Amino acid sequence: MRHAIAALIRKDVRLELRTRESVPAMVLFSLGTFVLFHFALDEREVSGALAAGILWVTLLFAAVLGINRLFVAEREEGGFDGFLLAPVDRTSLFVAKATVLFGFLVAVEVFVVAAFAVLLLGPSPWAGLPALALVLVVADAGIAVIGTLVGALAVQTRARDLLVPLLALPLSIPLVIAGARACAPLLTAGGGDGLEARWLLVLGLYDLVFGLLAYAIFDFLLEE
Amino acid sequence: MRAIELADVGRAYGDRIALAGVTLDVERGETLAVFGANGAGKTTLLRILATLLRPHRGVARVLGHELPREGWAVRGKIGFLGHAPLLYRDLTVRENLRYHARLHRVGFERIDELLDAVGLRARGDDPVHTLSRGMLQRAAVCRTVLHAPEVLLLDEPLAGLDPGAVALVDPLLRGPATRVLISHDVEHGLAEADVVLGLRGGRAAFVARDVSEADVRALYA
């Protein structure tokens, strides 16, 4: 299975580097959303729970863009058939796509969190940065799992663009709650030691449950 | 052992019956030519044999394995050339073939061998979307035979190819493999066939080893 996962990841990364359809769009969307929040809230700087809420809602909406594109090449260019004809475990497609989406999210966050700190965040993020990175990575795993599942389901339908947000956003509510609660103390002045382990645990548990669920049902999503 | 065995195989899309009760056998190394007008069920049959569609009734066996239950055992032994080339437009020809070679665990030296054979070596590093229709079909043929499949499922394999390209591609689509060949070129199809299946409205109008050109042309009337 590993060789198939590696082949799929290599192919998807190459396609993204060549077409630049997902990551730049996600970054630009996030920057635009920060500007909108800046004017809508009429505040020069935000911190704490408000900052965490803005960051997570923005990241989640940006993720929806990436999820929408995740299986498009497979659908429109025969990638599903090409993959299904190969003597490989079908779960390798799930693992590869979730890994690719996870990578895209991390790449986006490198730019977006930096932009957030410059454009909106009041307190310096440096003290809480390692903990913030940890929370983001654990939450990204959950978004990647849900996103891959929803993307595979939605791409089979004509209402793909509609279905992804309708399914992915409600399923991600626990991630946003736990992510925002975990990040809120980190986005205050001197928030370096404010990470609450229980929210990390919630995120980890969510990743595990949905990871197992996706592993169990993904094969059925590839049926005609 | 027979390469392909179909017993009363049928498939529907909702209420519409695409294939109904097709029964036939194809021995190893033989060519089955499938004729029929548009919508007769040819592509549905091909996709069932490729494990890409489930039959809704009957029993379909490829290389002795029942589909779809044992589909895993025949994937990788099938080469499928349908209407779509199954190549990513923004990757180069060579990148596409390397991707499929990795999935099928085939050495990369086979890629250059095939690109040479179809006269595409010079265009191997060009993105697929820059290729002409004929070049795209040649690249798709390379993908189809990359892993030296035991069964070739071919839907109009020579479509869009000029006579020179046909001469390059044709030898790759022969050899020891069992073939299912969908064609609208009656003369060529009959010349290739050991067994002929004529489909009309999803049903087998005839399955025979000796069929006249007039019988086949009557399918399109």
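A: Happy to! One term to begin with: two residues are in contact if their C-beta atoms, placed from the backbone, lie within 7 Å. Also keep in mind that this is a predicted model.

Q: What span should helix α10 of chain A have?
A: The helix covers residues 197-221, which is 25 residues, so at 1.5 Å a residue the span should be 36 Å. Its end C-alpha atoms are 35 Å apart, which agrees.

Q: Where is the kink in α10(A) centred?
A: On A:Tyr215, and the kink is about 35°.

Q: Let's switch to chain B. How many helices and strands are there?
A: Chain B has eight helices and 10 strands.

Q: What radius of gyration does chain B have, and what would a compact globule have?
A: Chain B has 17 Å, and a compact globule with 221 residues would have a value near 17 Å, so the two agree. Taken along the principal axes, the C-alpha atoms fill a box of roughly 45 × 40 × 35 Å. Of the 221 residues in chain B, 48% are buried.

Q: How is chain B divided into domains?
A: Domain 1 is 1-77 + 151-162 + 175-221, and domain 2 is 88-148. The C-alpha centres of these two domains of chain B lie 26 Å apart.

Q: How many residues of domain 1 of chain B are in contact with domain 2 of chain B?
A: Seven residues of domain 1 are in contact with seven of domain 2. On the domain 1 side, four are nonpolar, two polar and one charged.

Q: Last one: how many residues of chain B are in contact with chain A?
A: 22 residues of chain B are in contact with 20 residues of chain A.

Q: Which element of chain B gives the most to that side?
A: That is α3(B), with six residues. By class, the side of chain B that touches chain A has 12 nonpolar, three polar and seven charged residues.

Note on methods
Residues are numbered from 1 along each chain as its sequence is written. Chains are lettered from A and ligands numbered from 1 in the order in which they are written. This is a predicted model: local features need pLDDT of at least 70, side-chain atom pairs count only at pLDDT 80 or more; totals for chains, interfaces and linings use all residues. Helices (H or I, at least four residues) and strands (E, at least two) are DSSP runs, numbered from the N terminus. The expected span of a helix is 1.5 Å times one less than its number of residues. The bend at a residue is the angle between axes fitted to the seven residues ending there and the seven starting there. The radius of gyration is taken over C-alpha atoms; the globule rule is 2.2 Å times the number of residues to the power 0.38. A residue is buried if 20 or more other C-beta atoms lie within 10 Å of its own, exposed if 12 or fewer, and partly exposed in between; C-beta atoms are placed from the backbone. Ala, Val, Leu, Ile, Met, Phe, Trp, Tyr, Cys and Pro count as nonpolar, Asp, Glu, Lys and Arg as charged, and the others, Gly among them, as polar. Domain bounds come from an automatic or database domain assignment.
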